[in-house]
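Dear colleague,

Please find below the structure that I am handing over to you.

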Amino acid sequence: MHDGVSIALLTCDLRMHDSPVLHAAAAHRGTVPLFVLDDAVHGAGLAPPNRSAFLADCLVDVDRSLRKLGSRLIVLRGDTATETARLAEAVGAARVHVAADASAFAQRREAQLRKALGDRLVVHETVATIVAPGAVLPFGRDHYAVFGAYHRQWALVPRREPLPAPGMLHLPDGVAGLSLDQVVGLLTEDGVAPGLPLGGEGNGRRRLWKWLDSCSARYDQLHDDLPGDATSRLSPYLHFGCLSATEVAHAVGATGTPGAEAFLRQLAWRDFHHQLLAARPDAATRDYRPRGDRWRTDAADLAAWCAGRTGYPLVDAGMRQLQHEGWMHNRARMITASFLTKTLYLDWRAGAAHFAHHLVDADVANNQLNWQWVAGTGTDTRPNRVLNPLRQAQRYDPDGGYVRRWVPELASVPGAAVHRPWLLPAPTRARLDYPEPIVALDASLSRFRQARSL
């Protein structure tokens, strides 16, 4: 036990289990678990209704867990560096522990904390990721630009062991913050998706263990099956740090199945995007590999895509799922993104902004860089690939179950016919209240090839 008081500044690590920040802070005589509602996050549009609601769940869950350990969560509002430094002075904190993160916002926050706190600030790596950005590098470069090469090195890096949840904690007397009722009130907004998952470490851990018992062994076979819905759905809990990616990797890897290997590859993709963004923060808004695109501007087409009214049922099903759940199956994300950027030839940034507003798991690294991958301006080694929604439907929703689940206008259309409603008899189409396709696939492919000079 170290002398003095420490602050555990929680950011992307809203959990008790495998929390390097909380574990290190708990080694001091007194520990202040702190979260700051930073007005700059709201000002930057990084806290839309779905993520705010999920965050409220997370903070309530953290506070509940801390109270079982004799402590509680201190929540302040304002600039993170200013509020943390003020609290550090008030309690005489010898150390302030915080997790490293990759985004430009997080890097600025760390720099401001360093300026305010000096050597009292301790930054912990491998909190948000399994392998820290910059831990593996190609010769002469500051990051990997090709996933395959990165993954080979990533797999060789020894993983740290997950840390246990802390024991009893001592919160110094006189430390005050917002009440949890005030916090929930500040984070409660209109427009929350009706099917939004519940946040918090407890819910995340229950989902993890249930998925490990049911679907993880066959993840390699099932992860693209749209109606099967057998993906882990852990991404929101990883994004908010309710679950540790390191602990998840240990738990999944221990099963030793082909499904485990396929899932670990997805965790490697997550780390890959973090290391790229850490080295190239401007990739959040600028083409990583410019292709000379002159994107179309068409407000009507963009609105139809956002609303799930393009006339292509598989695309519309994905967009409807996003509206209802604040989440979307990964295969559907790729299909809808390809449709916007390659079929409609609209700027990937418009799609990324829409996803960022609705997705509960949208972080800058994975949302923006996955969009760039699909648009062909990112790290895809086949930048001009086009995901034809009809062919994707044949492969990943052959009987139309996913479409019928999310596009109720088409629920009465049987089998694969649901993917081509324009071929149904005219009287049937008239009853469906479903739009005609907003674009012809052949014409759009020609337009894209011409734009890319293929």
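I begin with Arg233, which is placed in the loop that runs between helix H9 (219–222) and helix H10 (235–239). Please bear in mind throughout that this is a predicted model. The phi angle of Arg233 is near 55 degrees, a positive value in a residue that is not glycine. As background, most residues other than glycine have a negative phi. Arg233 has a relative accessibility of 19% and therefore counts as buried, the cut-off being under 20%. Arg233 also takes part in a network of salt bridges, together with Asp229 and Glu325.

A second residue with a positive phi is Tyr345, again near 55 degrees and again not a glycine. Tyr345 sits in the loop between helix H15 (330–343) and helix H16 (348–358). With a relative accessible area of 4%, Tyr345 is buried.

Salt bridges

The count of salt bridges comes to 23. One of them joins the side chains of Asp18 and Arg160, at 2.5 Å from N to O. Asp18 belongs to the loop between strand S1 (2–9) and helix H1 (20–25), and Arg160 to the loop between helix H6 (147–154) and helix H7 (180–187), so this pair ties together parts that are 142 residues apart in sequence.

Another salt bridge is formed by the side chains of Arg309 and Glu409, with 3.0 Å from N to O. This pair likewise links distant parts of the chain, 100 residues apart: Arg309 is in the loop between helix H13 (299–307) and helix H14 (313–325), and Glu409 in the loop between helix H19 (401–406) and helix H20 (426–432). Arg309 is partly exposed, with a relative accessible area of 29%, while Glu409 counts as buried at 18%.

The side chains of Arg296 and Asp298 also meet in a salt bridge, at 2.9 Å from N to O. Here Arg296 is partly exposed at 23% relative accessibility, and Asp298 is partly exposed at 24%.

In soluble globular proteins, nonpolar side chains tend to be buried together. In this model, the largest nonpolar core has 116 residues, and Leu14, Val248 and Trp305 are those with the most contacts inside it. Helix H12 (residues 258–279) supplies the largest share of this core, 10 residues. Another core, of 21 residues, lies apart from it; Ile7, Val32, Val36 and Leu117 are among its members.

What does Trp305 touch, leaving aside residues up to four places away in sequence? Its contacts include Phe339, Leu340, Leu344, Phe355 and Trp371, as well as Thr310, Gly351 and His354.

Cysteines

How many disulfides does the structure hold? The number is zero. For Cys242, the closest cysteine sulfur is that of Cys58, at 3.3 Å, which is too far for a bond because a disulfide requires sulfur atoms within 2.5 Å. Cys242 is buried, with 1% relative accessibility. Cys215 also counts as buried, at 17% relative accessibility.

Yours sincerely

Note on methods: Residues are numbered from 1 along each chain as its sequence is written. This is a predicted model: local features need pLDDT of at least 70, side-chain atom pairs count only at pLDDT 80 or more; totals for chains, interfaces and linings use all residues. Side-chain values use heavy atoms; hydrogens and water are left out. A salt bridge is a side-chain nitrogen of Lys or Arg within 4 Å of a carboxyl oxygen of Asp or Glu. Helices (H or I, at least four residues) and strands (E, at least two) are DSSP runs, numbered from the N terminus. Buried means under 20% relative accessible area, exposed over 50%, partly exposed in between (1.4 Å probe, protein chains only). A nonpolar core is a set of buried Ala, Val, Leu, Ile, Met, Phe, Trp, Tyr and Cys residues joined through side-chain atoms within 4.5 Å. Contact means heavy atoms within 4.5 Å.
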